[in-house]
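Hi everyone, thanks for coming.

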Amino acid sequence: MAKMIIKKFIALTCAFSLLLYLTGMYRLTGEAAVLYKIDANTFKGHYDIVQVRVGSDVEEITEMAFVNMLNLKSIIVSENNPYFSSYSNCLYNKDQTVLLCYPQALTGAYIPDTVTEIAPYALHGVDDDIKSQIRSLVSEDGGLSESEISGPHFIHTSQGLLWINKNGSMELPSSGLLGDVASLIDAATSSGQGQETQLKKCYNFLINRMSYERSYDTPTGNWTADYASKALSTGKGNCYGYAAAMAYIADGLGYSARIAVGQIESSNGGTTPHAWTEIKIDNDWYIFDAEMEDATGRDLYKVSFNSYPIKPLVKSSVYTVSLD
């Protein structure tokens, strides 16, 4: 497990911090019968369990797997499991960016600094005070609030997601590229989240939604809006589609964004045409390569040009985008 920065210890006032396991443990391994999936039926009739140990064979844990575990205080995952991990008795994805389950009977835990997202039902049944502290630590409100962003951008309202024009007027983004971008942002984000949090959620949502569609055409002319609209409306595209979609999404969140086009190392040797998104954050431009992350599984969110891991990466031109 990678070394982590500990932010804060979350605990209710209590006499002892030692967790006493009074009822025993439930071990999920592949020693007897291989278990690949944990769901709401796995523990049916065993709700007195206080600790679950997840072995290396488990490949899937559903969102509601632990919702009835009122006495659960600890989830321990084998370090050899390629999909999940545990820390301070809580369940996470492998790289510990998503909190998957905070056991309902757990009164205190350290939350890794790497966590940026709380999965649905991860805090089901957890004490309200602990829920509040966890949400605060995970920085669901990271970055500028929607009201603090200057210039054109989307904003959540009681009437739904609206577009603020450069003159300050609002409109319903009902059609065209504006509507396509709005649909994704509305699905991926919610009111109260800060700009940085929304950017990360939209990036992950785009990757999960998109599938690669091979095309050997190199776009020319005023192509960016068409490629973005096709990618967002169909969920398919090549690197140009991924890059254009992410650039317009970032623009919709109030960032300065552009599409970079050039060459990258080919898996067959030599180089091949490639496009990626660049977003300006705190006066610096960063690479956000959704297509390559989708293809390779590498973390290519907010990477500097010099630290981009796949080389050579040669940039030949850029296309600035704007929804307004």
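Let's start with the aromatic cluster made by Trp223, Tyr227, Tyr240 and Tyr319. Rings of Phe, Tyr and Trp (its six-membered ring) pair here if their centres lie within 6.5 Å, with planes under 30 degrees apart called stacked, over 60 edge-to-face and the rest tilted. Before I go on: this is a predicted model, where local features need pLDDT of at least 70 and side-chain atom pairs pLDDT 80 or more, while totals for chains, interfaces and linings use all residues. Residues are numbered from 1 along each chain as its sequence is written, and side-chain values use heavy atoms, leaving out hydrogens and water.

Searching the whole structure gives nine aromatic pairs. Tyr227 and Tyr240 make an edge-to-face one, at 6.3 Å between centres and 75° between planes. Tyr227 sits in helix 4 (residues 224–234) and Tyr240 in helix 5, so this pair ties together parts 13 residues apart in sequence. Helices are DSSP runs of H or I, at least four residues, numbered from the N terminus.

Buried or exposed, where does Tyr240 fall? Tyr240 is buried, at 4% relative accessibility, while Tyr227 is partly exposed at 23%. Our cut-offs are under 20% relative accessible area for buried, over 50% for exposed and partly exposed in between, with a 1.4 Å probe and protein chains only.

Now helix 5 (residues 239–252) itself. Of its 14 residues, 14 are buried, so the rest of the structure largely encloses helix 5. At its start, a side-chain oxygen of Asn238 comes to within 3.1 Å of the backbone nitrogen of Tyr240. Just after helix 5, Gly254 has a positive phi of about 95°.

Methods
Helices (H or I, at least four residues) and strands (E, at least two) are DSSP runs, numbered from the N terminus. The expected span of a helix is 1.5 Å times one less than its number of residues. A polar contact is a pair of N or O atoms within 3.5 Å; within protein, one must be able to donate a hydrogen and the other to accept it, and residues adjacent in sequence count only if both atoms are side-chain atoms.
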